[in-house]
Amino acid sequence: MSRIQLLPETLASQVAAGEVVERPASVVKELVENSLDAGARKIEVSIQRGGISLVRVVDDGCGMDADDALLSLERHATSKIRSVADLAAISTLGFRGEALPSIASVSRFRLTTREAGAVAGSEIVVNGGRIVTVRAGGEAPGTQLEVRSLFFNLPARRKFLRSANTESRNVEHQLQLQAIGHPQVGFTFLRDERLVLQLPPVASLRDRIRDLHGAELVARLLEVKASGPQTKFEISGLTGRAGLGRSTRSQQLVFVNGRAIESPVVTGALREGYHTTLMKGQFPVTFLFLKMDPMAVDVNVHPAKREVRFRDPAGVREAVVEAIRQTLESGRCDWQEQFRAPEILPQAQTAAAQIPSSFPSMREFEVNVANLHRHFQPSATPEHEDREELRGGGPALNLVPKSAWRTAAADDSGELPAEQKLTAVSHDHQFQFIGVLNKLYVLMENANGLVLVDQHAAHERVLFEELRRRIEEKGVPSQRLLLPQTFDLPPRDAEWVERNLSTLQKMGIGVEPFGAQTFKVDSLPTFLNSPDAATFMRDVIDELRSASNSSSSVRLGEDMIAKTVCRHAVKANDPLRYLEVEKLIRDLLECELPYCCPHGRPTMIQISNAELEKKFGRKV
Ligand code: ADP
Ligand code: MG
């Protein structure tokens, strides 16, 4: 007797359902995608008990005639593709012709549908894959689908469902995805007959996100700007400013031709684009839309169509990285608007030019780098000398220490030039230096309120960017050691160093092989000032090796620099004089990404007047 048998149709559908229908949220996904493909302008979704008891989707799309309504429940019946060529270039969300029969085989299912101009509509009721009723019905144009008692005939699957709350949350997340992917469509979501979401059709993604997540988040998002040779892909959307991160990927949404997808290629590219602007373990907030020729992306990879295969993954990656970089860069200008750079006033410019810069000038890096450490030694100048500098006809900087002008105003001897007082008071829209807290945080005020700068993080950022430029341009200045040092490494490390010699050398580390597993180092970057070159090398190799396990080679270099710089930047508790602070802030604001250190910690925090008023109970 033959052992192989064709499965009965219903059983085959239930097998297929295993892949397509995992939980109520997948039912919602499939039904909403069908509504979108049907050109709906309004979609209403209701669920009960997390969608386990009921999922209902009502749309105002094109509807189906009686024959199509029946056909739609057949396996592999679809109106969306007809040929292999169509399969290669899919522009609809659905195409597999599996969802409706699969869902109908594992639930109590009711479909009513009517085409706009039709006299009557149709109603079909299916019970666990068996059609029980087909009749003419008179519903409004569009389609209504009801899915009750999901998995009632598959107890094993039913057991895998989570609590009603968890399933509801999954459904809501799914709906948010669709809503963000299609702002021009109105969405309503009812949970156990309570209205949860009411999203009117809107013109832009920005409006949709405002309706979903509030204006506060929108204010922290940047329009994704992708200029340049972007012939193949169009990238648009909104993405968080540097520093805006979440501990999960729940707000990192990626759409390809309107379809929400999960793509390691794009996720990796986002991480790389944000690179040092987010803290480790944080994910950017991104609503990214890629538009490309349907031929350039294969969506037929996974039954749930969550994954895609790009024909040119490297191209996609590059385009996304570039778009994110450009966007963050553009966001920097807005930021500067907000945190207006301290300006030297016109009458003070000549005087300012003469200030002996006590803070290491990043412009004169090459000259100064060797002396870097000296600048950050606890200031040799007693504090009153600072004041001296101010009083002695010093420049009327906008960063006049608040304490200084306050005292001066009270002091009739008027040692502080009169116009200086005025300057300090009248330019309240810019930064006013208040003081330094804990020898670490620079306190300033601007029109919005209090600004705190972490001087360590700030200096780290400034040095980091300078170093990165140096590496790209002429290399990092290095200093020969009096006595070259040698060090031995275990074979795996030795091999690693050999492979990365040029990267190390570009960073100003003069290292070369000196025997099988021995290396010689004869120069180090000038700013390092490390007493023991061999120990330093071992530390660096450890760091670089662990970084290289997780990064591409470009990032490897930058990670390394960031770490090195971090260790050699201004240490917390090194007091800076106020002119140094002023210089630091100025340099910081000239950075590409001024608002966080290379490790993603913030460099500046603004505490707004409104927040202060709230805290003091002046305002509710
Ligand atoms: P697919 O979406 O992959 O084509 P489905 O099983 O989800 O397969 O749907 C089968 C067919 O039923 C679709 O191709 C479409 O023609 C029709 N259909 C399903 N849902 C709707 C709807 N809400 N409005 C109009 N037509 C629909
Ligand atoms: Mg479908």
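This is a predicted model: local features need pLDDT of at least 70, side-chain atom pairs count only at pLDDT 80 or more; totals for chains, interfaces and linings use all residues.
**Close-up 1. A nonpolar surface patch made by Leu-7, Leu-11 and Val-15**. Patches are made of residues with over 30% relative accessible area and no salt bridge, like charges being joined within 9 Å and nonpolar side chains (Val, Leu, Ile, Met, Phe, Trp, Tyr) within 5 Å; a salt bridge is a side-chain nitrogen of Lys or Arg within 4 Å of a carboxyl oxygen of Asp or Glu. Accessible areas come from the Shrake-Rupley method with a 1.4 Å probe, and for residues only the protein chains shown count as cover. Helices (H or I, at least four residues) and strands (E, at least two) are DSSP runs numbered from the N terminus.

**Close-up 2. Strand 1 with strand 7 and strand 2**. Strand 1 (residues 42–48) runs parallel to strand 7 (residues 186–191), to which 6 bridges join it, and antiparallel to strand 2 (residues 54–59), again with 6 bridges; strands pair if DSSP finds at least two bridges between them. Ile-43 stands opposite Phe-187 in strand 7, and its bridge partner in strand 2 is Asp-59. Strands 1 and 2 form a hairpin with 5 residues between them, and Arg-49 in the turn has a positive phi of about 50°.

**Close-up 3. The stacked pair of Phe-255 and Phe-289**. The structure holds 2 aromatic pairs, and in this one the rings of Phe-255 and Phe-289 are stacked, 4.6 Å centre to centre with 10° between the planes. Rings of Phe, Tyr and Trp (its six-membered ring) pair if their centres lie within 6.5 Å, and planes under 30 degrees apart count as stacked, over 60 as edge-to-face and the rest as tilted. Phe-255 in strand 12 (residues 252–256) and Phe-289 in strand 15 (residues 286–292) are 34 residues apart, and both are buried (under 20% relative accessible area; exposed is over 50%, partly exposed in between; 1.4 Å probe, protein chains only).

**Close-up 4. The stacked pair of Phe-487 and Phe-519**. Here the centres lie 6.0 Å apart, with 25° between the planes. Phe-487 belongs to strand 21 (residues 478–488) and Phe-519 to strand 23 (residues 518–525), so the pair ties together parts 32 residues apart in sequence. Phe-487 is buried, with a relative accessible area of 2%, and Phe-519 is buried at 0%.

**Notes.** Residues are numbered from 1 along each chain as its sequence is written, and chains are lettered from A and ligands numbered from 1 in the order in which they are written. Local features need pLDDT of at least 70 and side-chain atom pairs count only at pLDDT 80 or more, while totals for chains, interfaces and linings use all residues; side-chain values use heavy atoms, with hydrogens and water left out.
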